[in-house]
Amino acid sequence: MKVILRALGYFRPDHGKVGIIVCLLIGSVGLNLLKPWPMALIVDSILGQKPFPTWFPHAWSEWPKLQLLTALIVCFVSLHLIHAVMSALQNYLTIAVGLRGLQRVRDEVFGWLQRLSMRFHKGTDAGDLIFRAGNDACAFQSLLEQGVITTLSAVLNLVLMAGVMLTLNWQLSLFALAAVPVLMVTVRLFAKRMKTRGVIAQQAESKVYSLINQGIKALPLTQSYTREQETQRRFEDHTNRAQQRKMSQHGLEVFFWLAISVLLTSDTALLTWFGARQVLQNQLSLGELLVFLAYLGQMFDPLNQLSMVGATVSTASAGIKRVFEILDAPDEVKDAPNARPVQSAGKRRPRSSAARSAVAVEGNIGFDKVSFGYEPARNVLNNLTFQIRAGQSTAIIGPSGSGKSTLLNLLPRFIDPAQGSVLLEGVDLRQLRVRELRAQMALVLQEPIILPTTVAENISFGKANASLAEIEKAARSANAHEFISELRQQYRTPIGEGGASLSVGERQRINLARAFLKNAPILLMDEPTSALDVESESQVVQSLQALMRGRTTLMVAHRLSTIQCVDTILVLEDGAVSEFGSPEELLGRDSYYSRVAKGHVELNGALR
């Protein structure tokens with residue numbers, strides 16, 4: 001119940017519209033009760049000889065029968081039309097509120113995924129996250145529309161119809177209402193099983209999304225090793241399993257609805273038989289029987305809705321819980337209660353108390369006995385201790401899996417150390433404001449990230465208010481202006497998904513231009529030239545050297561062309577610092593770097 005109440009909280013901002021929906025719902029139920037009465041009056045008092053009921057307007061009863069018949073037919077049509085319009089408006093508003101709640105859920109999930117640490121994302125399947133944010137989030141909308149509103153409508157209809165039916169004929173009413181407790185017991189028996197099967201089916205469906213995501217990412221590998229058929233067979237195995245799980249879920253639901261239909265049909269048949277006997281015995285008029293049967297048909301519809309609410313809420317609850325699992329994931333990287341401001345060293349500071357405690361970033365970085373592991377029992381980094389001075393450039397090298405990228409991720413606090421401290425200007429990063437800390441760092445990754453927008457917007461991603469002149473200057477610094485000028489719309493050319501096709505080297509130079517424009521004092525690069533050909537590499541290396549000038553730089557690297565232009569080299573082996581010094585110092589020793597540089601170890605294989 002707590003989960004459902006929490007889920008309904010996403011619709012609280014639209015409480016005014018929900019109030020209108022409830023008013024329309026009550027009006028619609030009232031009109032629904034009146035709909036069969038014009039026809040009953042026609043049968044009993046116009047076609048038959050029964051006097052008009054006491055509540056019928058006395059002036060109308062004096063009209064000629066043909067005129068009165070016309071008036072009642074007009075009332076009959078009007079009631080149906082007004083009810084249809086009111087129901088349509090109520091349904092429209094319900095859908096609108098449901099979609100706004102769904103939007104809020106998806107916005108919050110996306111925002112939370114943006115904040116969660118790398119530890120969370122490395123331990124979670126991306127396809128599963130996509131499924132939860134996309135498909136499972138729709139359960140919130142279903143809960144409101146097919147759960148709450150449907151239940152409210154059904155209960156109002158049942159209560160009011162039961163009241164009117166009891167006043168007409170209590171014996172027939174008992175026949176009609178006898179189905180309710182049996183129906184509730186049936187719902188209770190099926191609900192738990194349907195919920196369990198719903199969860200299993202959603203997990204299987206989520207796995208299909210994950211495989212699609214993996215298949216797209218691994219497409220070059222799959223095609224190059226001609227493993228298309230094996231990959232297809234693996235995917236078909238999972239889709240077949242998902243189909244079986246969904247079939248199991250829906251099969252139980254179909255059997256449930258069949259049981260409900262048999263129950264309701266049996267009750268209808270008994271009610272008709274008993275009511276017809278009372279008409280034959282003059283205990284009930286034909287018009288009253290018609291009203292009773294009309295109510296019975298209308299009553300079975302909300303009963304059927306209530307019977308399906310159990311399955312709907314159970315399935316929705318499963319999806320809602322999967323969404324809340326994301327939203328309840330701990331935010332490992334967040335501001336401390338008294339986090340200190342961060343600003344560039346050259347920035348003029350106002351005289352406020354907060355500004356006096358601000359850390360002025362020059363670029364002095366330190367690691368003090370830092371250890372980290374994505375899993376508690378297995379460390380990736382062990383007891384790292386070293387210092388990098390402001391303006392110094394450092395290449396991080398070492399065998400695959402030695403923790404190079406993990407080390408880099410500690411600086412912008414994508415992750416936090418399990419032990420020890422990462423220091424900036426002698427202050428633990430956990431004591432600094434995260435957003436302001438990251439504003440002091442520019443990041444260039446191995447795989448260039450290009451957004452599906454224009455060249456200018458890609459370059460200015462880290463400085464949204466940049467002028468075109470600033471963007472062009474950054475592009476020139478990154479040796480990107482020349483190829484951008486040849487594009488059809490130059491800096492306004494769409495690139496990325498569905499946009500202009502760029503080579504890997506051109507994409508990387510766009511990324512470097514982005515870093516130039518941000519102009520942060522600290523530069524972090526993760527193998528920025530590893531995917532480039534020789535010609536592109538030479539252009540990018542020139543840009544890198546210009547970008548590194550005057551900035552504290554940490555660069556994961558494996559090519560000598562980039563390693564040799566740094567001040568110091570840090571060698572990681574098995575998650576620990578095995579060497580740290582200038583290229584000249586390390587070449588003079590029997591070191592990992594000297595063996596690589598002198599060709600005793602194959603460069604590309606050893607340093608990746």
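Author: Gladly. Helices (H or I, at least four residues) and strands (E, at least two) are DSSP runs, numbered from the N terminus. This is a predicted model, in which local features need pLDDT of at least 70 and side-chain atom pairs count only at pLDDT 80 or more, while totals for chains, interfaces and linings use all residues. Residues are numbered from 1 along each chain as its sequence is written, and side-chain values use heavy atoms, with hydrogens and water left out.

Let us begin with Gly 101, which sits in helix H5, residues 65-115. Gly 101 has a relative accessible area of 0%, so it counts as buried (buried is under 20% relative accessible area, exposed over 50% and partly exposed in between, with a 1.4 Å probe and protein chains only). Setting aside residues up to four places away in sequence, Gly 101 touches Tyr 10 and Phe 11, where contact means heavy atoms within 4.5 Å. Ala 137 lies 36 residues from Gly 101 in sequence, and their C-alpha atoms are 9.7 Å apart in space.

Helix H3, residues 37-46, is mostly covered, with 9 of its 10 residues buried. Among these buried residues of H3 are Trp 37, Leu 41, Ile 42 and Val 43, and Asp 44 and Ser 45 belong to the list as well.

Next comes a pair of helices. The axes of H9 (residues 170-177) and H12 (residues 228-280) come within 9 Å and cross at roughly 170°. Axes here are lines fitted to C-alpha atoms, for helices over the stretch in contact, and angles run from 0 to 180 degrees between N-to-C directions. That crossing makes H9 roughly antiparallel to H12, since angles over 145 degrees count as roughly antiparallel, under 35 as roughly parallel, 65 to 115 as roughly perpendicular and the rest as oblique. On the H9 side the contact is made by Gln 171, Leu 172, Phe 175 and Ala 176, and H12 contributes Asp 267, Leu 270, Leu 271, Phe 274, Gly 275 and Gln 278. These contact residues divide into 6 nonpolar, 3 polar and 1 charged (Ala, Val, Leu, Ile, Met, Phe, Trp, Tyr, Cys and Pro count as nonpolar, Asp, Glu, Lys and Arg as charged, and the others, Gly among them, as polar).

Lys 192 belongs to helix H10, residues 179-217, and is exposed at a relative accessible area of 68%. Although Lys 192 and Ser 314 are 122 residues apart along the chain, their C-alpha atoms are separated by 7.6 Å.

Now to the strands, with Thr 568 in strand E11, residues 568-573. Thr 568 is buried, its relative accessible area being 8%. With Thr 394, a polar contact of 2.7 Å joins the two side chains. A polar contact is a pair of N or O atoms within 3.5 Å; within protein, one must be able to donate a hydrogen and the other to accept it, and residues adjacent in sequence count only if both atoms are side-chain atoms. Leu 586 is 18 residues from Thr 568 in sequence, with 9.3 Å between their C-alpha atoms.

Asp 428 in strand E7, residues 427-428, is buried at 17% relative accessibility. Its side chain reaches the backbone nitrogen of Arg 430 at 2.9 Å. Asp 428 also touches Ser 421, Val 422 and Leu 423, not counting residues up to four places away in sequence. Thr 493, in the loop between helix H19 (481-485) and helix H20 (504-518), is buried with a relative accessible area of 6%. The side chain of Thr 493 reaches the backbone nitrogen of Gln 489 at 2.9 Å.

The backbone has some details for you too. Lys 369, in strand E3 (residues 365-372), has a positive phi of about 50° although it is not a glycine. Lys 369 is exposed, with a relative accessible area of 54%. Asn 383 in strand E4, residues 381-388, also has a positive phi, near 55°.

Finally, the cysteines. Cys 23 is exposed at 56% relative accessible area, and Cys 75 is partly exposed at 27%. Taking a disulfide as a pair of cysteine sulfur atoms within 2.5 Å, the count comes to 0 disulfides.
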